[in-house]
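Dear colleague,

Please keep it open while you read.

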Amino acid sequence: FSTLDLKAAAEDLHRDGLLSRLGRFRAVTPHPLAIYLARRGWEQFAGQITASLLPSLDRSMTARLLQRATDIGEFAPVREAVTRMLAPGGAFEEAGTVGDDHDDFLPYLAVLTPQVIADRLAATLAALGDQQRKDTAFRRPQITLALEKLAWHKETFQTAADGLLSLAVTDENSSRAVGAPRWADLFGNMLPITSAPPQDRIRYLAYIATATDGRARRLAVTAAARACAGHETVGVFPEVQGGFLVAARGTPGTWQEAWDYAGSAMDILAELAGDRDPDIADEAAGALAALIHPYLENGQLRDRLAQAISQLPPAGLTKARTQIEHLRALFARAPGTHDTAGREAGLDDLEAAIPAASAEEEFDALAGASRWDFRPDSELQRRLDNAALTIRAGRRIERILETIATRPAAGFELGRTLSTLAAGDARVLDGLIAQAAACNLEPLTGYLTDRAGRGE
């Protein structure tokens, strides 16, 4: 065809509403027709597209060509052509490698040839050190986007999940690292960002929870808490893979399956609450304690949660008991209402199912409570004073000072307790001054406030 023939044909198509002007470009307007024509083009001219057309296109037009190819969906000629282009000597032979400078193509290539890109990204990330992976996560966000698309496939779930995890653990505070929230979203109960079934996901998470790298175990805490979340939200992106529905979201098929999944995640948190890293153990215990309120009216999961809490070490049980104190005070503000009656009954059942607190354990639980949870305002002070008196006399002051050093929420009240029980003890004032020097001011403030109130 001559140039004039093409222009005349374009005008005819434009008049018929089949072609739109986009500046100096033209586009087929009906999307289904554009996909059909693209499919026919790849079917008949795949060799010419890869050998002649692609080398003549700039990056933006290449991206548009690949995007249209993903719109076609699962189509053997496209997959075979793209696989050849990913091979040595092909147009995309460096895609997903350290030397790749065309990352904007990666999400499309991940849709078109998921296994090839998954294996390539896994090899690339495995060859990088922590700092290099951290830089990669910031400088090459398309790698994260490609991994998320790959994680949607059952077949490439674990490879992609490992890749996302390797990017997320590059920071000491791994739960806030780039990619950490999205990795945890893989383990949502009703809204996971993958089609992998619940049993595969929880098995993989249990494996990560035993990793030698503490950063991975810390992320496992976040993911297990995500798996137990009572309310879920998730952004749409990984499942959008052109015109092909890869697979349905990996949502549990029944409520029983969903509850079993959440219960297994609770068991993982209970295991992590005994971790050798005290920070990980503390986060896991806190995550379990935070689940008490959402599941008070779900008898099956409440009992499973009570079993998990019962396995906690003493510090973890203290967190759970502090949460119980908080909820009791919360429900007391609206006694007997329809909204709280069932939850109060559930709280009673859960508390009865966990080990009873000793005198010192009750003191620890109250030390972690907030004064704003109690009415009247002096109730927490009164209960703390009484709990302190149950501690053996020869150990009492030392025990309170040890608790103050952990910076509990009731530090001010504990200072007042010491003022009441040991006003003339020089070591008490010395200990409180030392804590104040370390920016733990509330206990000394409470102590001096009480002394001033007594006219001293």
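Please bear in mind that this is a predicted model, in which local features need pLDDT of at least 70 and side-chain atom pairs count only at pLDDT 80 or more, while totals for chains, interfaces and linings use all residues. Residues are numbered from 1 along each chain as its sequence is written, and side-chain values use heavy atoms, with hydrogens and water left out.

Side chains of opposite charge can pair when their charged atoms come close. The structure holds 35 salt bridges (a side-chain nitrogen of Lys or Arg within 4 Å of a carboxyl oxygen of Asp or Glu).

In one of them, arginine 218 pairs with glutamate 283, and their closest N and O atoms are 3.2 Å apart. This pair links distant parts of the chain, since arginine 218 lies in helix H12 (residues 214-227) and glutamate 283 in helix H14 (residues 278-290), 65 residues apart; helices here are DSSP runs of H or I with at least four residues, numbered from the N terminus. Arginine 218 is buried at 14% relative accessible area, whereas glutamate 283 is partly exposed at 32% (buried means under 20%, exposed over 50%, and partly exposed in between, with a 1.4 Å probe and protein chains only).

Arginine 304 forms a salt bridge with aspartate 267, with the closest N and O atoms 2.8 Å apart, and this pair joins helix H15 (residues 299-310) to helix H13 (residues 255-272). Salt bridges that share partners also bring Glu148, Arg182, Asp185, Arg226 and Glu232 into one network.

Best wishes

How values were computed
Helices (H or I, at least four residues) and strands (E, at least two) are DSSP runs, numbered from the N terminus.
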